[in-house]
Amino acid sequence: MSEGVKTEVLTLGEIVLKLEMPKQFVDDINNIFDEKEQTTVDWSSQLAGKIKKEKLVNHLLSDQMKSTFQMCFQEYMNRSGSVLVKTHQLSLDNAWINDMYATEYNPAHFHASKNSLVGLSSVLFLKTPDSYGEEITNHHEPANGHLEFIGGAQHSLSMSQIRLSPKVGDFFIFPYTLVHGVYPFYGTDQVRRTLSYNCDILPKVMVKEAK
């Protein structure tokens, strides 16, 4: 650019917020799930994933853990610029853990809850394999085990897909309506463990009536 010219990019559409959660927070969730997995409910019939072990874990999360998640969702709202910040309120819905092994995958899908079509989805990475296995082709563009977000804008000057290989502790928050999926991986017996949490965005009057 020429000297003296100032630039600014204005971005339209939804945002994905990435946070890095403390190791102790991740360890606490892993430990309580490993200790009390037998008390959880199979949640696979409610989900899109082609994954054998998908467990509802609402009851395993302490009030402090839930409060932390709530604060993270509120941070998304504060950064979103949405007009709903003033008129709506967050309400935690269901949380579940996916233990994903080699050849399993999560097809492209979006979220909703029984109470609202408007809300925030999320995924927290709790464990990842040392390797996702050798790529079949195009090794310079890896996909094995990757998380992918697929936006609605498909024109030639937009970014319609983002493919990520997150590390343990990475926490992503995004709208229910944002399509996303996970590719399968190979060549390992190690688990790729994630926790997903849904959070409804409800009119404040509805939240008050429910109490």
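The largest nonpolar core of this predicted model has 28 residues. A nonpolar core is taken here as a set of buried Ala, Val, Leu, Ile, Met, Phe, Trp, Tyr and Cys residues joined through side-chain atoms within 4.5 Å, where buried stands for under 20% relative accessible area, exposed for over 50%, and partly exposed for values in between (1.4 Å probe, protein chains only). The residues with the most contacts inside this core are Ile29, Phe69, Leu120, Leu124, Ile173 and Leu195. At least two residues of the core come from each of strand E1 (17–20), helix H1 (23–36), helix H2 (63–80), strand E4 (88–100), strand E6 (119–127), strand E9 (170–175) and strand E11 (192–203); these labels follow DSSP runs, numbered from the N terminus, with helices (H or I) of at least four residues and strands (E) of at least two. H2 gives the largest share, six residues. As a general background, nonpolar side chains in soluble globular proteins tend to be buried together.

Setting aside neighbours within four places in sequence, isoleucine 173 is in contact (heavy atoms within 4.5 Å) with Ile15, Val16, Leu17, Leu19, Cys72, Phe73, Tyr76, Leu120, Ser121 and Ser122.

Eleven of the twelve residues of E11 are buried. E11 pairs with E4 in the antiparallel sense over eleven bridges, pairing being assigned if DSSP finds at least two bridges between two strands. Methionine 100 is placed opposite arginine 192 of E11. E11 also runs antiparallel to E6, and five bridges join these two strands. Here leucine 120 has cysteine 199 in E11 as its bridge partner.

Threonine 103 lies in the loop between E4 and strand E5 (106–109), and its phi is near 80°, a positive value in a residue other than glycine. Threonine 103 counts as exposed because its relative accessibility is 53%. Asparagine 138, in the loop between E6 and strand E7 (147–150), likewise has a positive phi, near 50°, in a residue other than glycine. With 45% relative accessibility, asparagine 138 counts as partly exposed.

Residues are numbered from 1 along each chain as its sequence is written, and side-chain values use heavy atoms, with hydrogens and water left out. As this is a predicted model, local features need pLDDT of at least 70 and side-chain atom pairs count only at pLDDT 80 or more, while totals for chains, interfaces and linings use all residues.
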